[in-house]
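Biologist: Thanks for sitting down with me over this one. Could you show me the model and let me ask how you reach your labels?

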Amino acid sequence: MPTFPVQDVQHYINGQFIDGKSGKTFANLNPFNNQVINNVAEGFKEDIDQAVAAAKEAFDNGPWRTMKVEERLAYLSRIADLIEENAEEISFLETLDTGLPISQTKKQAARGAENFRFYAEMVKSRLIGESYQVDDTFINYTIHKPIGVAGLITPWNAPFMLETWKIAPALATGNTCVLKPAEWSPLTANKLARIIEQSGLPKGVLNIVHGFGETAGASLVAHPDVQLISFTGETTTGAEIIKNGADTMKRFSMELGGKSPAIIFEDADLERALDSVVWGIYSFNGERCTANSRLFVHESIINPFVQQLKQRVHTIKIGNPLDPGTEIGPLIHRNHFDNVSRYLKIAKDEGASVVSATIPEEFNQGNFIAPTLLLNCTNEMTVAQEEIFGPVMAVIPFKTEEEVLRMANDVKYGLAAYVWTNDMKRGHRFAQAVDSGMVWVNSQNVRDLRIPFGGSKYSGVGREGGHYSFEFYTETQVIHVAIGEHHIPKFGVEEQNAVSSAEN
C-alpha cells in the first residue's frame with residue numbers, strides 16, 4: 001500500500017487556504033497508535049463569518065447561481081474525475097485518520113466520485129417543474145430555485161463519502177456551501193478542498209472551516225445568512241442544532257442515530273443471514289448509523305446460530321487498518337473508545353454475557369475494541385436501547401412474529417431494519433410494520449442512490465438521496481400566468497364615481 005505525505009490543515013475560504021484568525025490549532029491523532037498526525041486550524045465564529053460572507057457573495061454576485069446548467073454540471077464531472085485520479089491517496093488519508101480498514105475506504109473514495117456524477121445526471125433528468133392549466137384563463141407552473149448558502153456538518157465515520165453526499169446535490173442545484181467537517185477526521189476534507197481548487201470551481205462556492213461543534217459548528221448553525229443546515233451525526237447534537245437554528249428560520253435535514261434491528265425467522269437462509277449480520281455490525285469498525293446492533297433470532301434456531309456467530313467473532317481479522325487483509329481496525333478516538341468500553345461494563349452489570357475476541361498485544365496503543373457479542377440480553381437493557389456505535393451486537397431471542405415486531409419497534413430510534421425470511425408475504429408484512437425509514441429484506445445494507453435515505457422517530461428529519469435531495473436544497477416557486485381575461489373584483493369603484501359626480 002503506497003503512503004502519501006500529510007501536511008498541516010488550513011481552512012479553505014474564498015478559494016484560498018488560510019490559517020484561522022485566532023491562530024489556534026489542534027492536534028489530529030492517529031487512532032492506531034494515538035500519535036499526532038498533524039495539526040489543524042481551529043475555526044471560531046470569525047472564521048465562520050468570513051466563510052459565510054464568501055459563500056453569500058459567490059451566491060449573490062458570482063457566476064455560480066446564474067451559470068448555464070451544463071456549465072455548472074461540468075464542474076461536478078471534473079471534480080468526480082479528480083477524485084478518481086486521487087482515489088489511492090483519499091483512501092490512505094481516510095484510513096490513517098479514522099482507523100477504518102483500507103479495504104473499505106477504497107470503496108468510499110469510489111462512492112465520492114459517484115456522488116458527484118450521479119447528481120450531475122440527476123439535475124438534468126429530475127430537477128423538473130410541474131404545470132397546471134386552468135381552462136383558457138391560467139397556466140400555473142413550478143420552478144426549483146437554489147436557496148442560497150448551505151451549511152453542511154459531517155461526521156467522522158465515512159467522512160469523505162458523507163461530505164460528497166451533501167456537497168454534490170447542494171452545488172448541483174446552484175447553492176454555495178460552507179462545510180464544517182468533524183474535528184476527528186479532517187484529512188480527506190482537506191484533500192477535497194485541494195481537489196476543488198484544482199477543478200477551478202469559482203471562489204467562494206465551497207468553503208471549509210475546521211473546528212469543534214461547540215464553536216465553529218454552533219456559529220454556522222446560528223448564522224443568519226445560512227439558509228439551511230444538513231447534519232449527519234448523533235441525535236442529541238441534532239436536537240441542539242435544530243434549537244439553535246430556529247431563530248433564523250432555517251430548514252434542516254437530520255440524519256441521526258440508530259439502534260437498528262435485524263430479525264431472523266426460522267425459515268431464513270441462515271448462511272446468508274449470518275454473512276449479512278456479521279458484515280452489518282462489524283464492518284466500518286461498527287461505527288455506522290445503520291448497523292444491525294440488535295439481533296433478534298427465533299428461539300428454534302438461536303443456539304446453532306449463536307455458535308456460528310461466536311466462531312465469526314473469534315476469526316475476524318483485527319489489525320493495522322492500512323493492512324489490506326484487516327477486517328476491523330481501531331475506533332476513531334480515545335474518547336469514543338472509552339464510551340464503548342463503558343457500555344461493555346454496563347452490559348455486564350445488567351447481566352449480559354460478553355463474548356469477544358482478544359486484541360493482540362502489539363495493538364495495545366490503539367483504540368481497539370474487539371468484535372463483541374452480548375448474549376442473554378433483553379430488549380429493555382441499556383445496551384439494547386442506546387446507540388453504542390461500535391462493534392457490539394446484542395442478541396435477543398423471540399417466539400412469535402407479534403412479539404418480535406413489538407420489540408423491534410420498542411426503541412426511540414427508527415433508522416433501518418433487516419428482515420430475513422423465505423416467506424415473502426411475511427417479509428413484506430413485517431417490513432411495512434417496522435417503525436424505520438428503511439428496511440432491507442433478505443439483504444445487507446446495499447444502497448441505490450436513486451432512493452431516499454433517512455429515518456423516523458429520533459433517527460432523523462427529512463430525506464436526502466435521489467431527487468428527494470432537491471426538495472431540501474431548492475425552493476419550489478409557483479408562478480401563475482393569466483392567459484385570458486378573467487374576472488378581477490373592482491373595489492371602491494362606486495365610491496370613486498360618487499365623489500367625482502359631487503365635484504362636478
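Predicted model: local features only at pLDDT ≥ 70, side-chain atom pairs only at ≥ 80, totals over all residues.

Biologist: What makes strand 21 a partner of strand 11?

Modeller: The cut-off is at least two bridges, and two bridges join strand 11 to strand 21 (residues 460-461), so this pair qualifies. Here the strands run antiparallel, and Glu255 faces Gly460 in strand 21.

Biologist: Glu255 keeps coming up. Why is Glu255 called buried?

Modeller: Its relative accessibility is 10%, and buried means under 20%, so Glu255 falls in that class. Glu255 sits in strand 11, where four of the five residues (251-255) are buried. The UniProt record, an unreviewed entry, gives Glu255 the annotation "active site".

Biologist: Which residues does that record assign to the aldehyde dehydrogenase domain?

Modeller: UniProt places "domain: Aldehyde dehydrogenase" at residues 17-478, again in an unreviewed entry. Over that stretch the chain is 41% helix and 21% strand, with 40 Å between the end C-alpha atoms.

Biologist: Let us move to strand 8. What makes you say that both faces of strand 8 are covered?

Modeller: Thr176, Val178 and Lys180 lie on one side, Cys177 and Leu179 on the other, and all are buried. That accounts for five of the five residues of strand 8 (residues 176-180).

Biologist: How do you know which strands pair with strand 8?

Modeller: By the rule of at least two bridges. Strand 7 (residues 149-153) is joined to strand 8 by five bridges, and Gly151 has Val178 as its bridge partner. Strand 9 (residues 206-208) is joined to strand 8 by three bridges, with Leu179 partnered by Ile208. Both counts meet the rule, so both pairs stand; strand 8 runs parallel to strand 7 and to strand 9. From strand 8 the chain passes through helix 6 (residues 187-199) to strand 9 in a right-handed β-α-β crossover. Strand 7, helix 5 (residues 159-172) and strand 8 also make a right-handed β-α-β unit.

Biologist: What makes the phi of Phe284 worth a remark?

Modeller: Most residues other than glycine have a negative phi. Phe284 has a phi near 55°, a positive value. Phe284 belongs to the loop between helix 9 (270-282) and strand 13 (294-298). Phe389 also has a positive phi, near 60°, and is placed in the loop between helix 12 (382-385) and strand 16 (392-398).

Biologist: Why are Phe284 and Phe389 called buried?

Modeller: The limit is under 20% relative accessible area. Phe284 has 10% and Phe389 has 17%, so both are buried.

Definitions and conventions: Residues numbered from 1 in each chain as written. Heavy atoms only, no water. Buried < 20%, exposed > 50% of the residue type's maximum accessible area, 1.4 Å probe, protein only. Right-handed = clockwise from strand over helix to strand, strands pointing away. UniProt positions renumbered as here; feature names shortened; annotations may be inferred.
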